[in-house]
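Here's a quick tour for anyone meeting this structure for the first time. Have a look at it first, then read on.

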Number of protein chains: 2
Amino acid sequence: MEQLSATAYVILGMIRKEPRSGYEIKALVDNSTRFFWAASYGQIYPELKHLSEAGLIIGSDSPTGGRRRTVYEITADGEEELRAWLRRPPQTFEMREEGLLKLFFADALPPGEAVAIVRAMRAHRLEVNAQLRSIEALKGEIEDPYPMIVLRGGIEFTQWFADWCERMEEEILAAAPEKRSS
Amino acid sequence: MEQLSATAYVILGMIRKEPRSGYEIKALVDNSTRFFWAASYGQIYPELKHLSEAGLIIGSDSPTGGRRRTVYEITADGEEELRAWLRRPPQTFEMREEGLLKLFFADALPPGEAVAIVRAMRAHRLEVNAQLRSIEALKGEIEDPYPMIVLRGGIEFTQWFADWCERMEEEILAAAPEKRSS
DNA sequence: CGCCGATATATCGATCTGATATATAAGTCT
DNA sequence: AGACTTATATATCAGATCGATATATCGGCG
């Protein structure tokens, strides 16, 4: 069996507790792992077929009226594969933060304009922070503690990042004080 | 003129101060922006051609002995384009952190095994932290302060993340104390 | 009844990664 | 000198991924 993509494990993890459709998986991802691991329909649907052929999940027709719908549940092999993956050390760590890239090149701008970049980054992080807090507020008591740990991690991280931006704004202004009032 | 990719701006920023070859640009990226914005040869070389056709950079042959080599310098249009991009608000914010994904699904493992995930994440972040510190140590006094601000940000972030992992390790152990000695 | 938003699946161009291939140059070891 | 390794330099390609779009049905609302 060739190597599965990380998206495959997202699917396995998302359907482990109860069967779900591709659409539901996408919605779940968008409300939970999106901030550190996204997935698009273009990945999910082909991967569902692939996992189904590999015998790690089983799809069954479950139409709602005349609208066709296939829900997938995990097999014993699928659970085994998921646990084996969880036990392997994580491989992928990536970040793409256009604001940091712009800050990196900010010397190309007239002195003082760099603060606009850190202000934009800060505003964005605070926005995400608020989104995560609202998701946190929705969740009640649940037996599985890990999603909540990760969610709170995201809240702490975005807050930390926003605070860093604030500190950098002051540092940059201290070096170009003539722009403080703008 | 159609929209340029962010990689195009990486190139423009990297050659702004002095002309460089594709190979040098890749090496620069790997030593600086890689942690928040990577670029591969598969992006850089086609983009160099593209930017050259668009008149934003100019390539000139500069062979080393019998080995062909093309160095690119930025044009006035290229500098203008770079500044215009710097002034637009950042659009892309992505993170792919396989460790957080595994932690999210850690409920599929027997109690106690989740700590291995946060330990692996912590070890990795401390490794990157050490790399960044060694890069920081190399740089002497330079007139452009922004790359150093971003580098120090990376050092602070990796440290923060490692500390968060440490806290989560304790939190998880507190919930499954029977595994403390493992 | 008609409209809109949610559910559901599918696809496609563009981008990006990671690996690999092909050369030449320069340095190192014996 | 000859052999070997690493660095320089460019190029390409399969596979993963994104973001947008297309198609269709369902449920609710006025």
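Two residues are in contact if their C-beta atoms, placed from the backbone, lie within 7 Å. Helices (H or I, at least four residues) and strands (E, at least two) are DSSP runs, numbered from the N terminus. This is a predicted model, where local features need pLDDT of at least 70, side-chain atom pairs count only at pLDDT 80 or more, and totals for chains, interfaces and linings use all residues. Residues are numbered from 1 along each chain as its sequence is written, while chains are lettered from A and ligands numbered from 1 in the order in which they are written.

Let's start with helix 4 of chain B, residues 76–87. Its buried residues (20 or more other C-beta atoms within 10 Å of their own C-beta, placed from the backbone) and exposed ones (12 or fewer; partly exposed is in between) look like this:

| Helix 4 of chain B | Residues |
|---|---|
| Buried | Gly78(B), Glu81(B), Leu82(B), Trp85(B), Leu86(B) |
| Exposed, on the other side | Ala76(B), Glu80(B), Ala84(B), Arg87(B) |

The buried residues of helix 4 of chain B pack against helix 5 (98–104) of chain A, plus helix 1 (6–15), strand 2 (57–61) and strand 3 (70–74) of chain B.

Now for the two chains.

Note on methods. The expected span of a helix is 1.5 Å times one less than its number of residues.
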